[in-house]
Amino acid sequence: MAKGKDVTATIKLQAPGGQATPAPPIGPALGQHGVNIGQFVQQFNAATAALNGMLVSVVISVYADRSFSYEVKSPPAAVLLKDAAKVAKGSGVPHKEKVGTVNMEQIRAIAEKKLPDLNCYTVEAAERIVAGTARSMGIDIV
């Protein structure tokens, strides 16, 4: 790293892709570290415009000179599963009440999208992680 580029803070947030605003939770989290909130929101929305409102995780590194860099992660598996099963939310009692179904092709597609952000090396292992998330949300796999 260049001199003066010491990381002073690392902030992890979830924000809607392409539709982030300076309102909470983004504004206060960045403001307390002296980051230019408007600049971050503008760059983040430009980078995530294709995701159009889908929740994505972002890791922001704040440097000593108040500049920042950020890394956009893939959307959470739960958000992708809700989208695939076309349900509004997961079940409150997942092992008794089922709210929707997904097939193995949808699980594989989600696993391939999430693979870089998961702590596994094969698509099969990623599928098992996504399938576990589906089960805990009350979504059946057919």
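**Entry 1**

I began with Tyr70, which at 25% relative accessibility counts as partly exposed, because the buried class ends under 20% and the exposed class starts over 50%. I keep in mind throughout that I am reading a predicted model.

**Entry 1: aromatic pairs**

I then asked how many aromatic pairs the ring rule gives, and the count comes to four. In one of them, the ring centres of Phe40 and Phe68 are 5.8 Å apart with the planes at 70 degrees, so I noted the pair as edge-to-face. I looked up where the two residues sit: Phe40 belongs to helix H2 (residues 37-47) and Phe68 to strand E3 (residues 68-72), so this pair ties together parts that are 28 residues apart in sequence. Both Phe40 and Phe68 are buried.

Phe40 also forms an aromatic pair with Tyr70, again recorded as edge-to-face, with 5.5 Å from centre to centre and 85 degrees between the planes. Since Phe40 lies in helix H2 and Tyr70 in strand E3, that pair ties together parts that are 30 residues apart in sequence. For Phe40 I wrote down a relative accessible area of 1%, and the residue is therefore buried, whereas Tyr70 is partly exposed. Taking the rings as a group, I found that Phe40, Phe44, Phe68 and Tyr70 make up one aromatic cluster.

**Entry 2: Ser61**

Next I turned to Ser61, which has its place in strand E2 (residues 55-63).

**Entry 3: helices H3 and H4**

Last, I looked at how helix H3 (residues 77-85) is placed against helix H4 (residues 104-114), and found that their axes come within 11 Å and cross at roughly 150 degrees. This makes H3 roughly antiparallel to H4, because the class takes angles over 145 degrees. I recorded the crossing of H3 and H4 as right-handed.

Which residues make the contact? From H3 they are Ala77, Leu80, Leu81 and Ala84, and from H4 they are Gln106, Ile107, Ile110, Lys113 and Lys114. Sorted by class, the contact of H3 with H4 has six nonpolar residues, one polar residue and two charged residues.

Methods: Residues are numbered from 1 along each chain as its sequence is written. This is a predicted model: local features need pLDDT of at least 70, side-chain atom pairs count only at pLDDT 80 or more; totals for chains, interfaces and linings use all residues. Side-chain values use heavy atoms; hydrogens and water are left out. Rings of Phe, Tyr and Trp (its six-membered ring) pair if their centres lie within 6.5 Å; planes under 30 degrees apart count as stacked, over 60 as edge-to-face and the rest as tilted. Helices (H or I, at least four residues) and strands (E, at least two) are DSSP runs, numbered from the N terminus. Buried means under 20% relative accessible area, exposed over 50%, partly exposed in between (1.4 Å probe, protein chains only). Axes are lines fitted to C-alpha atoms, for helices over the stretch in contact, and angles run from 0 to 180 degrees between N-to-C directions. Angles under 35 degrees count as roughly parallel, over 145 as roughly antiparallel, 65 to 115 as roughly perpendicular and the rest as oblique. A crossing is left-handed if the near helix is turned anticlockwise from the far one by less than a right angle, and right-handed if clockwise. Contact means heavy atoms within 4.5 Å. Ala, Val, Leu, Ile, Met, Phe, Trp, Tyr, Cys and Pro count as nonpolar, Asp, Glu, Lys and Arg as charged, and the others, Gly among them, as polar.
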